[in-house]
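Please take a look at the model below.

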Amino acid sequence: MNEPNAPSERYRQGMATRRAVLGDSHVDRAQSASTEFDQPFQELITEAAWGHVWSRPALSKRERSIVTIALLAALGQDDEVAMHVRATANTGATRDDVSEALLHVAIYAGVPAANHAIKIAKKVFEQMDAEKAA
């Protein structure tokens, strides 16, 4: 993806936060896969999600991670759940935090949504463990 000619401060902050949470390799893959078609979307999420919301000081990255996983699970956003479970390696959210968040999902958004997200989280944690052991 070509970054804007003169990135805003919010974009620069967003990119720094995005990299801190998701990791350089993920962000680099997303940028290299970006096209003219989705470049405006990439800029939007970098500025709005990462530069504004994730960069606010009121909640820690750990707390935002927990909230995000719960919301994505409740909405059935499987790929995003997996991505954010993997990001817990960078946010400080623990496996217990994820488990507790998904218990909340079960009560407030439904057992099927939580059950499915738990399967995703278990698979991601297994992959993370295998990568660590290799």
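## Terms and model

Buried means under 20% relative accessible area, exposed over 50%, and partly exposed in between (1.4 Å probe, protein chains only). Helices are DSSP runs (H or I, at least four residues), numbered from the N terminus.

This is a predicted model: local features need pLDDT of at least 70, side-chain atom pairs count only at pLDDT 80 or more, and totals for chains, interfaces and linings use all residues. Residues are numbered from 1 along each chain, and side-chain values use heavy atoms, without hydrogens and water.

## Helix H2

H2 spans residues 24–33, and its buried residues are Val27, Ala30 and Gln31. Viewed down the axis of H2, they fall within an arc of 95 degrees, so they line one face of the helix. The arc is taken from the directions from the helix axis to the C-beta atoms.

Arg29, Ser32 and Ala33 are exposed on the other side of H2. The cover over the buried residues of H2 includes helix H1 (9–22) and helix H3 (39–53).

## Ser60

Ser60 sits in the loop between H3 and helix H4 (61–75). Ser60 is partly exposed, at a relative accessible area of 33%. Its C-alpha atom is separated by 19 Å from that of His104, 44 residues apart along the chain.

## H4 against H6

In H4, Arg62, Ile66, Ile69, Ala70, Ala73 and Ala74 meet Asp97, Val98, Ala101, Leu102 and Val105 in H6. Contact means heavy atoms within 4.5 Å. By class, this contact has 9 nonpolar, no polar and 2 charged residues. Here Ala, Val, Leu, Ile, Met, Phe, Trp, Tyr, Cys and Pro count as nonpolar, Asp, Glu, Lys and Arg as charged, and the others, Gly among them, as polar.

Methods: Helix = DSSP H or I, 4+ residues; strand = E, 2+ residues; numbered from the N terminus.
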